[in-house]
Amino acid sequence: MRIGLLTSGGDCPGLNAVIRSAVLHGVKSFGDEFVGFKAGWRGIIEADYTELTRHDVRGIAREGGTILGTSRTHPYNHPKGGPENIAKQLKRHDVDAVIAIGGEGTLAGAKRLADDGIPVVGVPKTIDNDLKATDYTFGFDTAISIATDAMDRLRTTGESHHRAMVAEVMGRHVGWIALHSGMAAGAHAILIPEQRVDIDQVCEWVEQVHSRGRSPLVVIAEGFIPEGAEEALAGKGQEADGRPRLGGIGEWITAQIEERTGIETRNTTLGHIQRGGNPTGYDRVLATRFGIKALDLVHEGAWGHMAALRGTEIIKVDLAEALDGLKTVPAERYEEAKILFGR
Ligand code: F6P
């Protein structure tokens, strides 16, 4: 078969490991040929692609980012998009099937295309770990490791100055990154989009920790909505796809803490550092297994399905299952973490 690969949406450490394993498995096990579409769906629509040989994927599993580039181009909203045009392009360039590697938006596009007769399978990716139907997505472990390391550093400088430290992490709709990195770093308060918390409560936790001589660490997800507010803080305009550009809640809460408690407080926004650099060993393995499974799904003709992790097994799931809402942090996981807040 001749198979096209694309990476779409925000990038994520591990994308290259998926590309490598799918290509190697296809070449070694089936004698497949591969093309890499550039910058997501745009690459198919505009026939911007490159042949991908074994040689091209050599050694890339350890590299962050994506060798194919990525974009948030929607396969239906592009003026030359839509299933008829995409089918024409695939036929013209002899591509028999597509492996789309991406998050919720990408997989929703893949599902719609599969329903419209395009031979496409998915691979889930997101550092946010918010996709249903898979226990974990690659990129998440790397993000946790980067964020935890940053917080460990914030804690030593915070302790030296007896300041309160705030760390803003990614997490648009869900707080998995904040919860896991915050727990790993021993944060004294963790604020996530799923849980409304009153600013007075945050200040109480901070004061408790400060008054026993420690430097309080507050971890906040970019999508956290304080009690009383309508929506997440997005003072930075909009993304190209119309979504609000988040970020800034860390600065906001830092000012609130300082004003209300009188404790000197500093904010650090980790931003895209969390998504950059080399994937961890865990993410390389997960991504490699996803790539192998996606290739098997192509040979099975399992269009509209994706690879997923369930326990320790890599399984096939219907994209519809993955798109049935976001995987949020359960209330009991938050309550568990909260036992160690403040005091
Ligand atoms: O969806 C993953 C994510 O990392 C979100 O947590 C974050 O809001 C968004 O991507 C940032 O995207 P961009 O790279 O477009 O700034």
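1. Contact here means heavy atoms within 4.5 Å. The model is predicted: local features need pLDDT of at least 70, side-chain atom pairs count only at pLDDT 80 or more, and totals for chains, interfaces and linings use all residues. Residues are numbered from 1 along each chain as its sequence is written, and side-chain values use heavy atoms, with hydrogens and water left out.

2. Asp128 carries the UniProt feature "active site", from an unreviewed entry. UniProt positions are in the numbering used here, feature names are shortened, and annotations may be inferred rather than shown by experiment. Asp128 sits in the loop between strand 5 (120-124) and helix 5 (140-161); helices (H or I, at least four residues) and strands (E, at least two) are DSSP runs numbered from the N terminus. Not counting residues up to four places away in sequence, Asp128 touches Phe140, Met170, Gly171, Arg172, Val174, Trp176 and Ile177. With a relative accessible area of 12%, Asp128 is buried (buried means under 20%, exposed over 50%, partly exposed in between, with a 1.4 Å probe and protein chains only).

3. Glu104 is listed by UniProt under "binding site", again from an unreviewed entry. Glu104 belongs to helix 4 (residues 104-115). Its relative accessibility is 42%, so Glu104 counts as partly exposed. Apart from neighbours within four places in sequence, Glu104 is in contact with Leu131, Leu323 and Leu326.

4. How do helix 1 and helix 9 cross? The axes of helix 1 (residues 15-30) and helix 9 (residues 281-300) come within 7 Å and cross at roughly 45°. Helix 1 is therefore oblique to helix 9 (angles under 35 degrees count as roughly parallel, over 145 as roughly antiparallel, 65 to 115 as roughly perpendicular, and the rest as oblique). Axes are lines fitted to C-alpha atoms, for helices over the stretch in contact, and angles run from 0 to 180 degrees between N-to-C directions.

5. Ala47 has a positive phi, near 50°, and is found in the loop between helix 2 (41-45) and strand 3 (49-52). At 28% relative accessibility, Ala47 counts as partly exposed. Arg343 has a positive phi of about 45° and is found in the segment after helix 11 (331-338). At 61% relative accessibility, Arg343 counts as exposed.
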